Amino acid sequence: MRIPDGAKMQFLKYLLLGMALLGYAAPQVSAQIQGRVIDAQNQEPLVGAIVKVEVLNIGALTDSLGRFEFTNPRDATQVTLQVSFAGYEPKTIFAKPGQPLTISLQSHETEGLEITTQRRTFEYANTAFRTELVSRQFMQSIPGNNNLMETIDYVNGMRQQVNCGVCGTNDIHINGMEGPYTLVLIDGMPIVSALGSVYGLNGIPQSMIERIEIIKGPATAMFGAEAMGGVVNIVTRDPRNMPLLSISGYGTSQTEGNLDLAVNAKIGKLRSLLSGNYYHMQRRLDRNADNFTDIPLSQRLSLFNKWILDRTQGRIAQLALKYYDEDRFGGQMQWQPENKGSDSVYGESIQTRRLEALGTYQLPLKKEDVRLDVSAAHHFQDSYYGTTHFLARQFTGYAAIIWMKEKGRHKLQNGATYRYNYYQDNTPATALGSDQSALPGVFVQDEVALHPRWSVLAGARLDYHPKHGPIFSPRLNLRWKPTAFTNVRLTAGRGFRTVNLFTEEHAALTGARAVVIEGKLAPERSYNLNLNFNHVFNIGESAVTVDVDAFYAHFSNRILPDYETDPSLIIYKNLNGFSEIRGLSGKWSQSFKFPLSVDLGGTWMQSFVEEDGELRAAQLLTPIFQGVFNLGYKFTKLRSTLSYTGKVIGPMHLPTYDAPFERPTRSDWFTEQNIQISSDLGRGLSLQLGCRNLFNYTQPSPLVDPAHPFSDSFDTAYAYGPLQTRRIVVGMGWQMQRKRS
């Protein structure tokens, strides 16, 4: 049948119109974006995860099956999705509308990272003990933050305690427990101790830190008996995840200067990172008018070199070297280098040289996982405290061989460790020769999955101390997972510690008080208990993570410096009784649908000492409350982030002094707050502008009778709050990224 020409034209017109309509409608159909969001580990759906299109204010929340669905603007053929959920690492992906997606998120606690302190690949969310991670991003949100100690002050339950108001020596307190009870590790190895923990902690620059792992309480048998308060492990940066070249620096309105440089190279199968940090502060400040420098002058140089060998089957082989050099001074404003050691002008001059080496090697055994860890550190210190010359040298060595095995429901970990310490100074402590000690030890540990919701980690460690004989340290960790987003963990253990009096107790060297040691100092012992509750949930379109910790520590044979019996003396002796610290800590982290994140934390503590059957005052310099907060807002179009960080410190008991040098015996509440805006300028450039100590709070002079620093009444131990006033911080950075093939 012949079709008329007019009908053909009519048909062709409608055909073309239909094709046009179909072409127009097709994007409408494919603009539907749908999929599921699941947990990368257990493949369970994440309920209430936020899925949104980058820049545009459109998106959806996942339902009870982890599903999402929403309509995107019709002209988009590819979109960039931002997926986030509380407690999980956010992810950015490219998606084509109309194609269903399955998006896996890693827990913040896992992130595919190895628990370096455990020396095996465990995932954080599935361990029986709680590990907190301090990210590099958080460290960079604090203006003027150039080292480990600047970060610690803004972590919930932790505090930097300044032990000397002249030279600024400091240590790390965890849940109210003093610095010597905190075990500091670098890449899982205990090379920071004694002298290193007094003046070496400021020599760990932020530039070499990838993240900080914090375990509060005794945790596992791997750590040894000395980890009474907890563990701070510094995980160094991995050259495989770094740009080829990075340079950054900042300056402050008080003429502080900081410079970081890192170079990343690949030589055959070797990856190498060489980084350096230089800090310079030479301006003498005396805002409290006591004729002493408010903060010590310092020139610090840190060099870090790390090598990683790419081996078959992902086996580990790495070596790192670190060198630290510091020249520090604090004292009267008119002091000059020629006054060193004189009795005319008071000054404390400390020169520190430190060299560290650490390595890890996984043995090439086909069916077994055996790892060798080794480290060594040499520390030299040449110091003057007024007329007192303190010259000390320390060498520490550490080796551990660790065997790991997973069999059925069991994760076994056994090992042997050896620690060697050589110490020599010019004080009566080593007048008859150097102090040398070797501490061999063995440990066994097993984590058993009793049930999908229950697991237990039990372990024990036996060390042999040359003076005190065998030391037994049991550990027990229980984990209960009542829901997919809830964890309850209980940790219990026993601790043991010998005291390095003239290194850990800095007050024995500075000030005019005489030191008295009553009797032979026996080792301290402790029993620790920690209970943690962690839960993730949603409020509307925001995701929330809640952490609550209850902690308790009981000490016997405790060695406490007594400042109160005689104001002219510091009396050291074993406590004829016991002391306790107990408290409650909580943290609230919330991520909103719009680019705002809020972290709030607080720790309430109660401490007391009972001696000879009588209750004494609470532990000195331990606040009843300490809180931290961190607010971050991202201006997406401006490629900028606003960070607001701070801490709130409650009252604490302070040392007492006789007339006419009386000082308040209890501090007031105070807060220190900081603000910073960071901008990505493109082409690898970044800019930071911030203000440190925004409200300009500082404590009164930390010195007693500073007008007569060589008299018996002079003391430097009255430090409890900020000593440096408000300052503006301006920083810049540049990175050269590796070309992608």
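Me: Why is Ala289 called exposed?

Reply: In this predicted model, Ala289 has a relative accessible area of 66%. Exposed means over 50%, so Ala289 is exposed. The residue sits in the loop between β17 (270–281) and β18 (297–309).

Me: What makes the phi of Ala289 worth a remark?

Reply: Phi of Ala289 is near 55°, which is a positive value in a residue other than glycine. Most residues other than glycine have a negative phi.

Me: Where does Arg639 lie, and what is its phi?

Reply: Arg639 is in the loop between β36 (625–635) and β37. Its phi is near 50°, again positive in a residue other than glycine.

Me: Why is Arg639 called partly exposed?

Reply: The relative accessible area of Arg639 is 47%. Buried means under 20% and exposed over 50%, with partly exposed in between, so Arg639 is partly exposed.

Me: What kind of peptide bond runs from Ala659 to Pro660, cis or trans?

Reply: The bond from Ala659 to Pro660 is cis, with omega near 5°. Most peptide bonds are trans. Pro660 belongs to the loop between β37 (640–649) and β38 (670–682).

Me: Which class does Gly408 fall into, buried or exposed, and why?

Reply: Gly408 has a relative accessibility of 82%. The cut-off for exposed is over 50%, so Gly408 counts as exposed. The loop that holds Gly408 runs between β22 (388–407) and β23 (410–425). Gly408 and Ala449 are 41 residues apart along the chain, and their C-alpha atoms are separated by 8.9 Å.

Me: Why does Gln590 count as buried?

Reply: Gln590 shows 12% relative accessibility. Buried means under 20%, so Gln590 counts as buried. Gln590 is in strand β33 (residues 577–591).

Me: What does Gln590 touch beyond its neighbours within four places in sequence?

Reply: With those neighbours left aside, Gln590 is in contact with Ser542, Ala543, Val544, Leu596, Ser597 and Val598.

Me: How do you know that the side chains of Gln590 and Trp588 make a polar contact?

Reply: The distance given for this side-chain contact is 3.0 Å. A polar contact needs a pair of N or O atoms within 3.5 Å, one able to donate a hydrogen and the other to accept it. The pair therefore counts as a polar contact.

Me: What makes Arg616 partly exposed?

Reply: Arg616 has a relative accessible area of 34%. Arg616 lies in strand β35 (residues 614–616).

Me: Which residues does Arg616 touch, not counting those up to four places away in sequence?

Reply: Arg616 touches Leu575, Val609 and Glu611. Separately, the C-alpha atoms of Arg616 and Ser579 are separated by 9.5 Å, while the two residues are 37 apart along the chain.

Me: How many cavities of 30 Å³ or more are there in the whole structure?

Reply: A search finds eight.

Me: What lines the largest cavity?

Reply: Its lining has 40 residues, with Glu150, Gln160, Val162, Ile295 and Gln724 nearest the centre. Strand β9 (residues 158–162) gives the largest share, four residues. By class, the lining of the largest cavity divides into 16 nonpolar, 12 polar and 12 charged residues.

Me: Which strands each supply at least two residues of the lining of the second largest cavity?

Reply: They are β13 (209–216), β27 (486–497) and β29 (524–539). Residues lining the second largest cavity include Phe129, Arg130, Glu132, Ile214, Arg489 and Asp549. The lining of this cavity has four nonpolar, three polar and five charged residues.

Me: How many helices and strands does the chain have, and what percentage of its residues count as buried?

Reply: The chain has five helices and 40 strands. Of its 741 residues, 52% count as buried. The accessible surface comes to about 32,200 Å², and 59% of that belongs to carbon and sulfur atoms.

Me: Among contacts between residues at least 6 apart in sequence, what percentage join residues at least 24 apart?

Reply: In this chain, 63% of those contacts do.

Technical notes. Residues numbered from 1 in each chain as written. Predicted model: local features only at pLDDT ≥ 70, side-chain atom pairs only at ≥ 80, totals over all residues. Heavy atoms only, no water. Buried < 20%, exposed > 50% of the residue type's maximum accessible area, 1.4 Å probe, protein only. Contact = heavy atoms within 4.5 Å. Areas by Shrake-Rupley, 256 points an atom, 1.4 Å probe, with all protein chains shown as cover. 1 Å grid on protein atoms, 1.4 Å probe; cavity = no way out; pocket = protein on both sides within 12 Å on 5 of 7 lines; lining within 4 Å. Points joined across faces, edges and corners; volume = space filled by probe spheres on them. Nonpolar A, V, L, I, M, F, W, Y, C, P; charged D, E, K, R; others polar.
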